[in-house]
Amino acid sequence: MNLEQQLVRKILVLDGAMGTQLLARGAKGCLELLNVDNAAEVSSLHEAYLETGADIITTNTVCADALCLAQYGLQERSYELARAGAELARAAADKYSTTEHPRFVAGSVGPTTRNLTLANDTTPEAVAEAYSTVIRALIDGGVDIILLESVMDARNATVAIEECRKINAEIPIVVSAVLSRIEGRVASGATIAKFMEDLPMEDVAVIGFNCTNGVKPIESAVRTLATISKKPIIAYPAAGQPLMAANRFCKELEQLCRAGALNIVGGCCGTTPEYTAQIAKMAARWRPHKFEKRE
């Protein structure tokens, strides 16, 4: 059963945070290096999320691009670390996947350290190369989805989408943006409608938002998106500062599920397998957002 078929059937549950959980387990420095140096730790975290009901797990690769890895002197290892991360998640998902309950792997691609709209120390070609290496590694490692997450700039996302399509014409691409503190706008300052207008939406399978300070900042943005987009919608906010308890976090997210506004729901920074368990039980009670199926 492919992703779109599952999105029609139910609200899928995305796992929780990778980075903050690995840090909580004692990791330091470059977290993507753990995909090679401590694979067992990464695998155990994937399995913890799968045990608690995640339908989709994300690879430990959000900063696996060469631009991010440069601060550690690891830029030449981008392909190696991204592919290793994909293979770990793939093995975990396959271990838990059944015909009745398929599990998917989302290859996490972060925003890099350069914003093409603002940066004056890079080029679109350099950013494209960084994205291309990571995306190729993730696909070679067996991911089902490319997840462009924490997107701040439509130009960066567009470059990543174009590089992905050069490598694979069919793999679903999910775009998840970070919101500005100004309601109704993404981090770049663009309105949600303008952000979508600047993306090659024909190549986007799912769109939505992640991170922010808790659920509330995402709520109105998702409701806006539900009125203007014919695509499936994803939302996975952070647990906030101070950290929101799992039951309260889940109760606030339920407002969006009850409204029929979501197809994929999960947690970002600060969320744990406990959050995933509660979200999975909650999401099972509600029907997914209705969207226009691809031909």
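Modeller: In this predicted model, helix α10 (residues 216-228) packs against helix α11 (residues 246-258) at an angle of about 5 degrees, and their axes lie 10 Å apart (axes are lines fitted to C-alpha atoms over the stretch in contact, with angles from 0 to 180 degrees between N-to-C directions; helices are DSSP runs of H or I with at least four residues, strands are runs of E with at least two, and both are numbered from the N terminus). The angle makes α10 roughly parallel to α11 (under 35 degrees; over 145 is roughly antiparallel, 65 to 115 roughly perpendicular and the rest oblique). On the α10 side, Lys 216, Ile 218, Glu 219, Val 222 and Arg 223 meet Glu 252, Gln 255 and Leu 256 of α11 (contact means heavy atoms within 4.5 Å). By class, the residues of this contact are 3 nonpolar, 1 polar and 4 charged (Ala, Val, Leu, Ile, Met, Phe, Trp, Tyr, Cys and Pro are nonpolar, Asp, Glu, Lys and Arg charged, and the others, Gly among them, polar).

The strands form an open sheet of 8, ordered β1-β8-β7-β6-β5-β4-β3-β2 with parallel pairing (a pair needs at least two DSSP bridges). β1 (12-13) and β2 (56-58) are the edge strands, each with a single partner, so one side of each has no neighbour in the sheet. Elsewhere in the sheet, β4 runs parallel to β5 (residues 173-177) and is joined to it by 4 bridges; Leu 147 has Val 174 in β5 as its bridge partner.

β4 (145-151) also takes part in the largest pocket: with α2 (19-24) and β6 (206-211), each supplies at least two lining residues. That pocket holds about 540 Å³ of space (on a 1 Å grid over the protein atoms alone, a pocket is an open set of points with protein on both sides within 12 Å along at least five of seven lines, for a 1.4 Å probe, and lining residues have an atom within 4 Å of a point; volume is the space filled by probe spheres set on the points, which are joined across faces, edges and corners). Among its 31 lining residues, Gly 19, Val 62, Glu 149, Cys 268 and Cys 269 are closest to the centre. α2 gives the largest share, 3 residues, and the lining comprises 16 nonpolar, 12 polar and 3 charged residues.

The second largest pocket, of about 390 Å³, has a lining of 8 nonpolar, 1 polar and 10 charged residues. Helix α1 (residues 3-9) contributes most to this lining, with 3 residues. Nearest the centre of the second largest pocket are Glu 4, Glu 170, Pro 172, Ala 205 and Arg 294.

Residues are numbered from 1 along each chain as its sequence is written, and side-chain values use heavy atoms, without hydrogens or water. Local features need pLDDT of at least 70 and side-chain atom pairs count only at pLDDT 80 or more, whereas totals for chains, interfaces and linings use all residues.
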